[in-house]
Amino acid sequence: MTDNNKVKHPALWTTLFGIVSLAWIFPIVLVIINSFKQKAYISANAFSIPSGKAFVGLENYTRGIETTNFFASFGWTLLITVGSVILILLCTSMCAWWIVRVNNWAAKLLYTLFLFNMIVPFQMVMFTLSKLADMLKLNTPWGLCIVYLGFGAGLAVFIFTGVIKGIPQELEESAMIDGANVPRIFFQIVVPIMKPSIVSVAILEAMWIWNDYLLPYLTLDLGKYKTISVAVQYLKGGYGSVDMGAMMACLVLAIIPIIVFYLVCQKYIVKGVMAGAVKG
Amino acid sequence: MISMVGKAIRRWWALFALPTFAAFIIGFVVPFIMGVYLSFCEFTTVTDGEWVGLKNYGKALQDKEFLHALGFSTAFTIVTTIVINVVAFAIAYMLTKAIKGSNLFRSVFFMPNLIGGIILGYIWLLLLNGILAHWGKALTYSATYGFWGLVILVCWQQIGYMMIIYIAGMQSLPTDVLEAAQVDGANGTQTMFKIIIPLMMPSITVCSFLTVTNGFKLYDQNLALTNGAPSNMSEGLAMNITRTFYGRMGWEGVGQAKAVLFFILVAVIALLQNKLTTSKEVAA
């Protein structure tokens, strides 16, 4: 170890970062505090502590859950996220292996298309994609998983091909000489080696799909299915006033599972972010 | 040279490559090609396009709100790219040093990234309106408030993400080069600008690429925080395009033309930026 890692006044820095960290989580704490306030008091004085008449207990939560049908949205969001991520992991890892090992003109063309996909903003295909999904009856949570596989394939294929290029082919060759067929080679030899990158891609895609707003909003049959983001946005409605109490409660309910997930999987999330930072 | 494994799995294309490719055709290739074609058409749905040539592009470029949104997004992207990268770099630099609690601080800074744009927008709407209420104002009072509100929100969200990438880059800096600099008597500023920053260029390329494209693509936060108020003056490009599609009858073609222009803009900027920062990369 060198002196490079030392700083002058480490205690001072700890205090400084401690204060900044508190400021960093303050917006979330503020939402939690306000979720217990009567709605009229929220806009009037956001920084007061709920007490006396302003304190309403869990009233905002019951009303918020009722108006947004929160648990249904939560379920659909979970289903769409888990379904899409599993589909993406399975299909794109297989596709990436095929691209790297076959490596003919078709594979190269496919790879170039996937790279191209990564720089196209969603607005470019927004209208046509949502109409096409409608025509093909993909406007259900299950159909949406296929849409996510299609639109989100680029990044996953890109990361997986990078990993597979680093795997020596001799392993697969010797398995083949021993008589293993192609699917077996992939699932028993290649997949275990790819495991860390599979976790990373899962995290990256899950973060995107769980929080996505426009794609489910435009594609899903909203009378039947809403995701959490869509449900929260619906609370605002057209030009009417927003029920700030229900809004605060729904925000808290939307944040809690994410924070729990973060605390449990933090190590993998950080790795996922770093895997996504490979240069294009 | 085609390997034995390559030959064997080529025949398995229907299982390995086809599912992804089929979904990719539905989810990307066809919508993209249709999108480009329809930008030259007048239409209300994807099947009734009538060729009108460049008319949509003319209308798009004469749309004052579109040009305003372009200016808004450009200014927004420049400000956020600079602030996020400078702050994230500085925080990453300090948090790779021996400071107590640095792991905890990293976790805190990263946390906002996991929360969706819509949710983030409403969280900050509460906080910023709460502050502005002291002066009897609100975020929708003027576009300047909306602009800086969005800047604060996006910085708060993305600084942690870029910090993680910068920390990873700093941890893989070659220690022998840093030691050599120290032995040669380089001071802190010299070490930073002559050694650390040049060696960190790959991370800087990635982070500035991400912040630039995120800046232009911003939609959810924009929708939740200001929804363009007042009178579409705090509206970014992505939002203007979406509103053209779904908010104005008969303007679908113009919306699609704007989307094509938007795509070209994002692609060109991404490529240029990548070239620019890559050219500054050095090997240790």
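Predicted model: local features only at pLDDT ≥ 70, side-chain atom pairs only at ≥ 80, totals over all residues.
Residues are numbered from 1 along each chain as its sequence is written, while chains are lettered from A and ligands numbered from 1 in the order in which they are written.

Let me begin with chain B, which is divided into domain 1, residues 4-56, and domain 2, residues 60-278, with bounds that come from an automatic or database domain assignment. The C-alpha centres of these two domains of chain B lie 31 Å apart, and their contact takes 10 residues from domain 1 and 8 residues from domain 2, where contact means that C-beta atoms, placed from the backbone, lie within 7 Å. On the domain 1 side, the elements giving two or more residues are helix H3 (18-38) and strand E1 (41-42) of chain B, helices (H or I, at least four residues) and strands (E, at least two) being DSSP runs numbered from the N terminus. H3(B) gives the most to that side, with 3 residues.

Turning to chain A, A:Ser73 lies in helix H4, residues 70-102. Why does A:Ser73 count as buried? A:Ser73 is buried because 23 other C-beta atoms lie within 10 Å, the cut-offs being 20 or more for buried, 12 or fewer for exposed, and partly exposed in between, with C-beta atoms placed from the backbone. Leaving aside neighbours within four places in sequence, A:Ser73 is in contact with A:Thr68, A:Lys226, A:Thr227, A:Ile228 and A:Ala231. With A:Ala231, which is 158 residues apart from A:Ser73 along the chain, the C-alpha separation is 6.9 Å.

Conventions
Contact = placed C-beta atoms within 7 Å.
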